[in-house]
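User: Please take a close look at the ligand site. I would like one connected account of what surrounds the ligand, and then of the protein around that site.

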Amino acid sequence: MLEGQDPRATARPAAEILADLGPTITADGIGGHEALRRFVDVVVTSTRAQGDPLNLAYVPSAPTPASLVFDLAVSAAEIFAGTWEAGAGAIAAENQALAWLADLAGWPAGAGGAFVQGGTIGNLSALAAGRHAAATARGARPPGGWKIAATADAHSSVAVAARTMDAEILPVPGDERGRLTGDALEATVAGRDDVAAVVVTAGTTNAGIVDDIAGAAAVCARHGLWLHVDGAYGLAALAAPGARPLFAGIEQADSFVVDPHKWLFAPYDCCALVYREPARAAATHAQFAGYLEQIDRGEWNPSDYAIQLTRRPRGLPFWFSLATYGTAAYAAAVEKVLATTRELAAGIDAADHLELLFPPELSVVLFRRPGWSEDEMRAWSRRCARSGVILCVPTRWQGELVFRLCLVNPDTDAAAVLEALETMR
Ligand SMILES: *Cc1c(COP(=O)(O)O)cnc(C)c1O
């Protein structure tokens with residue numbers, strides 16, 4: 001955390017920030033020193049400390065020192081990593097990191113993809129590839145348009161992807177915790193020929209629930225459907241041997257995303273997008289034009305696998321961190337977060353003023369504070385944010401406003417969180 005940055009501050013009004021910042025875009029320039037001073041004093045202090053161990057709202061971030069420092073090196077090296085011709089070395093190193101993830105998923109050596117900006121672009125890119133594969137196999141666009149099968153608890157970016165592709169979400173009913181099951185998927189897609197892809201979530205953002213991937217994979221195999229695993233938040237737990245069984249069936253999926261900027265200790269912005277058979281994605285995304293004709297397409301072009309051409313090698317801070325600390329350290333760090341989450345859930349379960357909704361599957365904890373109105377809940381959350389005690393933001397779960405904590409930081413201490421929750425008494 002940078003000195004002076006309010007650890008859990010809420011956003012200040014623009015007028016206040018601009019008054020502090022003063023005019024910076026001027027005919028003669030204000031000089032590097034002065035611009036840097038304003039960046040340090042005003043800009044950074046007016047942002048949320050994403051890596052603070054008591055920032056437990058939305059999905060925070062916990063980049064390693066090695067990854068943060070190396071991000072500077074990546075920027076300074078000014079590498080165009082869209083094509084092998086320009087970025088070969090950087091792409092080779094990024095691909096080692098992608099190969100580690102693909103291997104954890106049990107995918108063959110031919111698997112691959114690219115690092116993209118975030119899970120939103122990753123999901124859109126993968127689903128576009130799925131739709132292209134469906135259109136290639138089945139011919140013309142169905143009269144009612146393409147459908148993407150997903151539950152209501154799939155991430156909001158899946159609905160945006162569908163809209164962007166002029167497709168519609170085909171809702172799959174979830175079980176009592178919102179989980180997608182093979183039976184519900186079968187009942188939803190049976191007899192249809194307009195399903196372009198199925199999205200399963202490997203760790204819902206709201207509750208950390210992992211869909212039945214194996215069940216979904218069996219249905220997709222039966223009907224020839226593209227299976228995409230959205231693990232932007234939760235697939236990081238593939239690194240933890242204890243959690244790996246949750247993701248059984250992923251070895252049969254066609255694509256997955258996981259955001260190293262969420263729970264794999266890399267800085268923004270970094271999403272790993274991987275395909276089991278990358279050639280199927282290249283058929284969708286590879287760009288061809290007169291001005292690209294002379295490019296030596298070489299070994300591997302990240303621009304072939306997502307909606308991007310020019311790109312920085314944004315996977316390199318993640319690669320450098322993995323290379324520096326080793327994969328065993330990653331396994332231990334993710335296991336630690338899972339253990340802290342269990343400890344926290346047990347503490348909430350034992351507290352007589354709180355009520356745990358259900359034991360956490362990954363690192364999201366949902367709980368109630370019986371007796372409080374929604375306004376009282378929001379007021380407590382805001383008070384804690386302003387005073388910098390903890391960032392704990394309520395969420396809506398099956399219609400009810402409940403408290404939610406999301407852990408990704410191995411430095412988060414369960415006792416410190418429980419102490420902060422004592423103020424709910
Ligand atoms: C965060 C998240 C996304 C979106 O990822 P961004 O990196 O924010 O674009 C997609 N799916 C899930 C499950 C997520 O948690």
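**The ligand site**

Analyst: The ligand takes up the space of the second largest pocket. A pocket here is an open set of points on a 1 Å grid over the protein atoms alone, with protein on both sides within 12 Å along at least five of seven lines. A molecule counts as sitting there if more than half of its atoms lie within 2 Å of the grid points. This is a predicted model, where local features need pLDDT of at least 70, side-chain atom pairs need 80 or more, and totals for chains, interfaces and linings use all residues. Residues are numbered from 1 along each chain as its sequence is written, and side-chain values use heavy atoms, without hydrogens or water.

Now the polar contacts (N or O pairs within 3.5 Å). G119 uses its backbone: an N or O atom there lies 2.8 Å from a ligand oxygen. D230 uses its side chain, with a polar atom 2.7 Å from a ligand nitrogen. D259 also uses a side-chain N or O atom, 2.6 Å from a ligand oxygen. The ligand alone exposes 380 Å², and the protein buries 88% of that (Shrake-Rupley method, 1.4 Å probe).

Follow the chain on from α9. The loop between α9 and β7 (271–275) holds D269. The peptide bond from Y268 to D269 is cis, with omega near -10°.

Y58, not a glycine, has a positive phi of about 45°. Y58 is in the loop between α2 (32–43) and α3 (65–77). D166 has a positive phi of about 55°, in the loop between α6 (156–164) and β3 (168–171).

Last, the whole protein. It has 14 helices and eleven strands. Its C-alpha atoms fill a box of roughly 60 × 60 × 40 Å along the principal axes. The radius of gyration is 22 Å, which agrees with the value near 22 Å for a compact globule of 425 residues (C-alpha atoms; 2.2 Å times the number of residues to the power 0.38).

How values were computed. A polar contact is a pair of N or O atoms within 3.5 Å; within protein, one must be able to donate a hydrogen and the other to accept it, and residues adjacent in sequence count only if both atoms are side-chain atoms. On a 1 Å grid over the protein atoms alone, a cavity is a set of points where a 1.4 Å probe fits but cannot get out, and a pocket is an open set with protein on both sides within 12 Å along at least five of seven lines; lining residues have an atom within 4 Å of a point. Helices (H or I, at least four residues) and strands (E, at least two) are DSSP runs, numbered from the N terminus.
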